[in-house]
Amino acid sequence: MRSFEKLSSLKDYIPLKRSESGGKNIGLLVDGPNMLRKEFSLNLDLVRDIIAEYGNMRVGKVLLNQYASDKLIEAIVNQGFTPIVVAGDTDVYMAVEAMELIYNPNIDIIALMTRDADFLPIINKAKENGKETIVIGAEPGFSAALQNSADSAIILKSENINKKNDKD
């Protein structure tokens with residue numbers, strides 16, 4: 001019994017991280033070939049900061065094709081995301097990952113970082129299953145249908161990206 005008392009008192013010394021965002025858990029999937037392009041100069045730290053306004057990111061996966069460089073994979077890992085290298089079409093794998101998140105009872109919000117309208121059925125299926133949805137994209141080519149279907153749409157603009165880089 002004394003051992004149990006020691007363990008229960010341990011919680012007084014362990015700092016618990018509390019979220020101001022209502023404690024919603026977010027699963028984020030990034031369409032690497034579509035979004036991690038030189039012309040966008042996207043910083044995944046900026047994306048993490050934006051997502052933090054909506055809840056706690058519990059899943060952060062970046063899907064890449066077989067042509068992804070080792071430096072890109074290392075940068076993704078260093079920013080706290082899980083890289084998934086796919087031989088073939090990343091869209092199919094991303095759809096499978098998204099369905100897993102939709103049926104995960106521990107995930108409240110499905111966030112997709114893509115510009116591709118092919119993911120519209122994923123947004124609709126997530127909403128059918130009671131999940132909130134967020135799409136994050138950049139212009140040009142950010143699907144209007146995707147933006148209008150999601151609960152929240154975030155358009156990353158070059159001035160936002162530059163402001164984030166200036167702070168670092």
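What we have here is a predicted model, in which local features need pLDDT of at least 70 and side-chain atom pairs count only at pLDDT 80 or more, while totals for chains, interfaces and linings use all residues. Residues are numbered from 1 along each chain as its sequence is written, and side-chain values use heavy atoms, with hydrogens and water left out.

Strands β1 and β2 pair in the parallel sense over 7 bridges, and they belong to an open sheet of 6 strands, ordered β3-β2-β1-β4-β5-β6, with parallel pairing. The edge strands are β3, residues 82–86, and β6, each of which pairs on one side only. Neighbouring strands of this sheet are turned against each other by 20 degrees on average, with direction ignored; axes here are lines fitted to C-alpha atoms, for helices over the stretch in contact, and angles between N-to-C directions run from 0 to 180 degrees.

As for the chain overall, there are 8 helices and 6 strands, and read along the sequence they follow the pattern α-β-α-α-β-α-β-α-β-α-β-α-β-α.

Let me now turn to β4. Why can we call strand β4, residues 109–113, largely enclosed by the rest of the structure? The reason is that 5 of its 5 residues are buried, with buried meaning under 20% relative accessible area, exposed over 50%, and partly exposed in between, for a 1.4 Å probe and protein chains only. In a regular strand the side chains alternate between the two faces of the sheet. In β4, I109, A111 and M113 point one way, whereas I110 and L112 point the other way, and all are buried.

The pairing of β4 can be followed on both sides. Strand β1, residues 25–31, pairs with β4 in the parallel sense over 5 bridges, and the bridge partner of V30 in β4 is M113. Strand β5, residues 132–138, is joined to β4 by 5 bridges and runs parallel to it, with A111 opposite I134 and I110 opposite T133. Between these two strands the chain crosses from β4 through helix α6, residues 120–128, to β5, and this β-α-β crossover is right-handed, in the sense that, with the strands pointing away from the viewer, the path from the first strand over the helix to the second runs clockwise.

Strand β5 is itself mostly covered, with 6 of its 7 residues buried. On its other pairing, β5 and β6 are parallel over 5 bridges, V135 having A153 in β6 as its bridge partner, and β5, helix α7 (residues 144–149) and β6 make a right-handed β-α-β unit.

Next, the nonpolar cores, a core being a set of buried Ala, Val, Leu, Ile, Met, Phe, Trp, Tyr and Cys residues joined through side-chain atoms within 4.5 Å. How many residues does the largest nonpolar core have? It has 24 residues, and those with the most contacts inside it are L28, I51, M113, I136 and L156. The elements giving two or more residues to this core are β1, α3 (44–52), β2 (56–65), β4, β5 and β6 (152–156), and the largest share, 5 residues, comes from α3. Returning to L28, and leaving aside its neighbours within four places in sequence, we find it in contact (heavy atoms within 4.5 Å) with residues including V47, I51, F81, A111, M113 and I136. A second, separate core of 20 residues includes I110, A126, V135 and L146.

At 6% relative accessibility T90 counts as buried, and, not counting residues up to four places away in sequence, T90 touches D31, P33, L63, L64 and N65.

I close with totals for the chain. Of its 168 residues, 42% count as buried, and among contacts between residues at least 6 apart in sequence, 63% join residues at least 24 apart.

Conventions:
Helices (H or I, at least four residues) and strands (E, at least two) are DSSP runs, numbered from the N terminus. Two strands pair if DSSP finds at least two bridges between them.
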